[in-house]
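Work through the exercises below with the sequence and the model at hand. Each task is followed by a solution in steps.

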Amino acid sequence: ELSFGTPVRHIAVVGAGYVGGPTAAVIALHNPHIRVEVLDKDQRRVRRWNSPHLPIHESSLIDIVRVTRDGASLSSRDNSNVPTDRLPNLFFTTDSQASLAKADMVMMAVNTPTKTFGIGAGRATNMTTFDAAVKEVALYARPGTIIVEKSTVPCGTAQRVRQMLDAVRPGTPFEILSNPEFLSEGSAVRNLLHPDRVLIGSAKTPSGRRAADALASVYAAWVPRSRILEVDAWSSELAKLVSNAMLAQRISSINSISAICDRTGADVDEIARSAGLDPRIGPQFLKAGLGFGGSCFRKDIASLTYLAESLGLPEVAHYWSQVNSMNDWQRDRFAHKVIHRMEENLVGKKIAILGFAFKKNTGDTRESLAVDVIRVLLQERPGEIAIFDPCCLSEDIMRELEPVLDANNRERVHVYTDAYQACEQANAVVVVNDSDPFKQAPGRKLGKSNSKNASTEQQPFETNDMAKEIHIDGSRFSYHPTQ
Ligand code: NAD
């Protein structure tokens with residue numbers, strides 16, 4: 001039996017996704033004496049983690065995986081203080097039973113989406129996947145294992161996990177910690193290597209504190225102690241929701257101002273710059289655009305709203321739900337702005353969509369901003385919607401679009417791996433996300449996609465030459481339809 005204070009030797013990470021994979025890689029990099037095994041049920045994903053083509057597009061991730069998974073030497077500047085002569089200590093596997101049985105710490109990094117049906121649909125978190133993973137841990141983990149919530153979960157989950165473990169393995173000592181992840185896709189490795197803070201929530205008992213210290217010592221291999229905060233589990237769980245809610249709130253706030261700008265002729269970028277120069281406000285997350293997409297902000301606000309509702313705080317619930325409502329409205333407003341700019345007539349016209357991932361520098365298409373825009377545009381019967389995003393796989397794009405496609409419009413949507421072809425003879429070029437290649441407008445240079453993730457080669461290209469008519473740049477949102 002393990003005791004919660006002993007040094008960690010073997011970590012199992014459940015879920016080889018956007019959080020589990022990079023987190024495991026960075027922990028393994030800085031703790032060469034710890035064996036880190038990442039488990040996933042998805043065989044294809046595990047195969048890709050074990051191949052040269054990782055399933056996730058994140059800068060420098062492959063360098064770290066080469067060192068930790070393959071024992072190769074490190075080339076990245078960022079990690080030059082890490083010894084290069086080492087044995088592999090990062091493994092990806094589907095054999096959860098074997099890994100869980102060896103682990104003295106298990107990090108839960110499985111997906112926790114919003115419920116789509118039943119009580120709390122659209123607001124509450126769907127914990128089915130998380131709970132199923134906890135049950136597996138309960139069955140196979142050794143007594144004394146420390147279980148860490150890395151997934152974003154509703155407040156009170158640590159307590160609920162304890163009850164689930166007690167039900168499956170009565171009397172077996174397990175310690176549950178909350179350790180939410182604050183990484184941002186597109187800069188995941190940088191965020192993990194240099195976190196602003198690491199939050200560890202535990203039960204305020206001697207064994208809870210010992211478990212928190214054991215996890216803190218894993219992070220202390222590279223994170224300054226002053227950035228590792230030890231708090232209670234509820235505060236840790238809630239702090240994660242609050243961080244995302246406040247970031248999303250800034251986006252909705254500036255987007256609401258962009259609507260006023262459109263009516264008055266004021267320039268929202270100038271206003272954001274001016275407001276952001278006030279150090280009490282700051283410039284981050286003040287860029288007007290299509291709004292926020294992705295798998296986190298919307299669901300975390302929904303979860304906060306649901307929590308407030310269930311605590312009998314309807315005014316608080318209403319306040320936060322407006323952040324999501326404003327986001328929906330802005331996206332719809334943008335789509336109609338495109339239609340307006342095209343003189344309310346899209347019939348037979350070609351529209352190029354640049355950028356499909358929910359934001360720049362990631363291949364993640366979940367909750368893509370483009371889907372709703374394309375849904376509205378398709379109702380106007382355009383000749384073709386031509387999509388280009390050098391970071392995304394075309395199968396991911398088509399899967400995300402599936403709900404808005406039917407027999408009548410399916411033939412009109414195409415994914416291009418070449419920016420030239422996507423924009424050639426287009427009547428409108430709609431820039432949906434702020435990916436670096438789309439940034440400089442007009443006459444921007446675009447990259448060519450290589451059919452795997454991510455392009456590095458830049459093929460100079462001017463959309464003005466290729467498109468017949470207009471650019472509509474939602475990632476900047478600084479043009480005025482009346483001008
Ligand atoms: P993801 O969907 O990319 O990865 C989750 C993985 O878990 C999937 O590969 C899935 O196959 C696997 N899985 C599910 N059940 C399993 C089981 N029983 N055993 C083994 N594997 C299992 O999700 P993600 O984006 O990495 O998010 C994970 C959690 O982290 C979520 O709670 C999310 O809210 C939170 N989070 C995400 C981000 C982000 O930017 N993506 C940032 C911070 C926090």
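Helices (H or I, at least four residues) and strands (E, at least two) are DSSP runs, numbered from the N terminus. The model is predicted: local features need pLDDT of at least 70, side-chain atom pairs count only at pLDDT 80 or more, and totals for chains, interfaces and linings use all residues. Residues are numbered from 1 along each chain as its sequence is written.

**Exercise 1. The nonpolar cores**

Task: which residues have the most contacts inside the largest nonpolar core?

Solution. 
Step 1. A nonpolar core is a set of buried Ala, Val, Leu, Ile, Met, Phe, Trp, Tyr and Cys residues joined through C-beta atoms within 7 Å.
Step 2. The largest such core holds 65 residues, and Val13, Val14, Val106, Met108 and Leu215 have the most contacts inside it.
Step 3. Two residues are in contact if their C-beta atoms, placed from the backbone, lie within 7 Å. Apart from neighbours within four places in sequence, leucine 215 contacts Ile146, Val148, Leu177, Asn179 and Ile200.
Step 4. A separate second core has 39 residues, among them Ala335, Leu378, Val413 and Val432.
Step 5. For the protein as a whole, 47% of the 483 residues count as buried.

**Exercise 2. The shell around the ligand**

Task: how many residues surround the ligand, and which are the closest?

Solution. 
Step 1. A residue is counted as near a molecule if its C-beta atom, placed from the backbone, lies within 6 Å of it.
Step 2. The shell has 28 residues, and the closest are Gly15, Gly17, Val19, Ser151 and Thr152.
Step 3. Helix α5 (residues 128-140) contributes the most, with four residues.
Step 4. Ala, Val, Leu, Ile, Met, Phe, Trp, Tyr, Cys and Pro count as nonpolar, Asp, Glu, Lys and Arg as charged, and the others, Gly among them, as polar. On that basis the shell has 11 nonpolar, 10 polar and seven charged residues.

**Exercise 3. Annotated positions**

Solution. 
Step 1. UniProt positions are given in the numbering used here, feature names are shortened, and annotations may be inferred rather than shown by experiment.
Step 2. The unreviewed entry gives "binding site" for Asp40, Arg45, Thr112, Thr152, Glu185, Lys299 and Arg366. These span 327 residues in sequence, and the farthest two C-alpha atoms are 23.7 Å apart, so they do not all gather at one spot.
Step 3. Arginine 45 is in helix α2 (residues 43-49). Arginine 45 is buried because it has 21 C-beta neighbours inside 10 Å.
Step 4. Arginine 366 is in the loop between β9 (350-354) and α13 (369-378), and is partly exposed, with 19 C-beta neighbours inside 10 Å.
Step 5. The unreviewed UniProt entry places "active site" at Cys296. Cysteine 296 lies in the loop between α10 and α11 and is buried, with 23 C-beta neighbours inside 10 Å. Leaving aside residues within four places in sequence, cysteine 296 contacts Thr152 and Asn244.

**Exercise 4. Positive phi**

Task: what is the phi of phenylalanine 285, and what is that of glutamate 343?

Solution. 
Step 1. Most residues other than glycine have a negative phi.
Step 2. Phenylalanine 285 has a positive phi, near 55°, and lies in the loop between α10 (268-276) and α11 (297-310).
Step 3. Glutamate 343 also has a positive phi, of about 55°, and is in the loop between α12 and β9.
Step 4. Phenylalanine 285 is partly exposed, with 16 other C-beta atoms within 10 Å, while glutamate 343 is exposed, with 7 C-beta neighbours inside 10 Å.

Key: A residue is buried if 20 or more other C-beta atoms lie within 10 Å of its own, exposed if 12 or fewer, and partly exposed in between; C-beta atoms are placed from the backbone.
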